[in-house]
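Hi,

Here is the structure I promised to pass on.

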Amino acid sequence: MKKEINGKTKIIGVIGKNIENSLSPLFHNQIILKHSLNFCYLPFRVVETDLGKAIQGIRALNIRGVNITFPYKEKVIEFLNEVEESARRIGAVNTIVNNKGILTGYNTDVIGFKKSLQDNGKFVIKEKKAVILGAGGAARAVIYALLEEGIEEIGISNRTLEKAEKIKQDFSPFFPGSSINIFSFGQDNIKDKIKEANLLVNATSLGMPSKIDNTPLPDEKLFHPDLLVYDLIYHPAKTLFLRQAEKAGAKIINGLPMLVYQGIESFYLWTGLKLEGKEVLEIIKRIT
């Protein structure tokens, strides 16, 4: 069956800097087709200097909504009318909904990360210890999700300590029962933190196709069998970071389940249709 575009078709999509390898258009359009919805999901590659104009375009073109991906999850907030409370606290938006010209920002990455960690990683967050590599918009969502579920301790490692420190300042007042520590990639105490950790997350762009031979953790001796290693990158399916972790005996997850679960939530916000994770995963397996 072929999808027909007509004068009543509603547009949704994704805005990002490098979206050539995004799976979102593929699986969203397959879902639209399967459920006979009059929607079309499109990729919008936008350079940073045009981000404000692109968001204005959502209103001007009556686009129903978009996902926001790397590196605009934080930058996009200033162009919105409203931001849902958890997204405002996180300081990052990955989904925009247009209601008659009023643009509201949401963060479905939190739900996506939690559900993928619990369902795919079989990981209980409460009273565990985690190390997060990176301090951008994706990292903020991951850290917020872990704090919401009562994680005991989080170590944030980032090249720019100011960004990591800002996360600590922003989140600590809301979650006084959890400890947040900051350290740079080069500091020796990262070794101790990873050795003690139950969860290690790569929330940097190191390992994406444009940086495929890079890893945020060059010393593969730091991985250990008691560690769940999560890379938010899903293309390639197994980054150098994950291959090193697997070699050390750690359990690994890539970012595909998170993409699926956050996409389900975004799709619901735009269309009112609640999908099952299994359905979307089967579609992705079929098209990739």
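Which residues of helix α8 (residues 240-247) are buried? Before I get to that, bear in mind that this is a predicted model. The buried ones are F241, L242, Q244 and A245. Those residues span an arc of only 160° around the axis, so they sit on the same side of α8. What they pack against is a set of strands: β7 (129-133), β10 (199-202), β11 (228-231) and β12 (251-253). Just past the end of α8 you'll find G249, which has a positive phi of about 95°.

Next, the cores. The largest nonpolar core has 36 residues, and the ones touching the most other members are F113, I132, L146 and L199. Two or more residues each come from α4 (109-119), β7, α5 (137-148), β8 (153-157), α6 (161-171), β9 (179-183), β10 and β11. The top contributor is α5, which gives nine residues.

Now for the helix pair I liked. How do α4 and helix α9 (residues 256-271) cross? Their axes come within 7 Å, at an angle of roughly 135°. The two helices are therefore oblique to each other; an angle would have to be over 145 degrees to count as roughly antiparallel. The crossing of α4 past α9 is right-handed. On the α4 side, the contact uses D109, I111, G112, F113, K115, S116 and D119, while α9 brings in P257, M258, Y261, Q262 and E265.

Is K122 buried or exposed? With a relative accessible area of 64%, K122 is exposed, because the cut-off for that is over 50%. Apart from neighbours within four places in sequence, K122 is in contact with L117 and K251. The C-alpha atoms of K122 and L228 are 9.8 Å apart, although 106 residues separate the two along the chain.

Cheers

Key
Residues numbered from 1 in each chain as written. Predicted model: local features only at pLDDT ≥ 70, side-chain atom pairs only at ≥ 80, totals over all residues. Heavy atoms only, no water. Buried < 20%, exposed > 50% of the residue type's maximum accessible area, 1.4 Å probe, protein only. Helix = DSSP H or I, 4+ residues; strand = E, 2+ residues; numbered from the N terminus. Arc of directions from axis to C-beta. Contact = heavy atoms within 4.5 Å. Core = buried A, V, L, I, M, F, W, Y, C linked by side-chain atoms within 4.5 Å. Axes fitted to C-alpha atoms, helices over the stretch in contact; angles between N-to-C directions. Parallel < 35°, antiparallel > 145°, perpendicular 65-115°, else oblique. Left-handed = near helix turned anticlockwise from the far one by under 90°.
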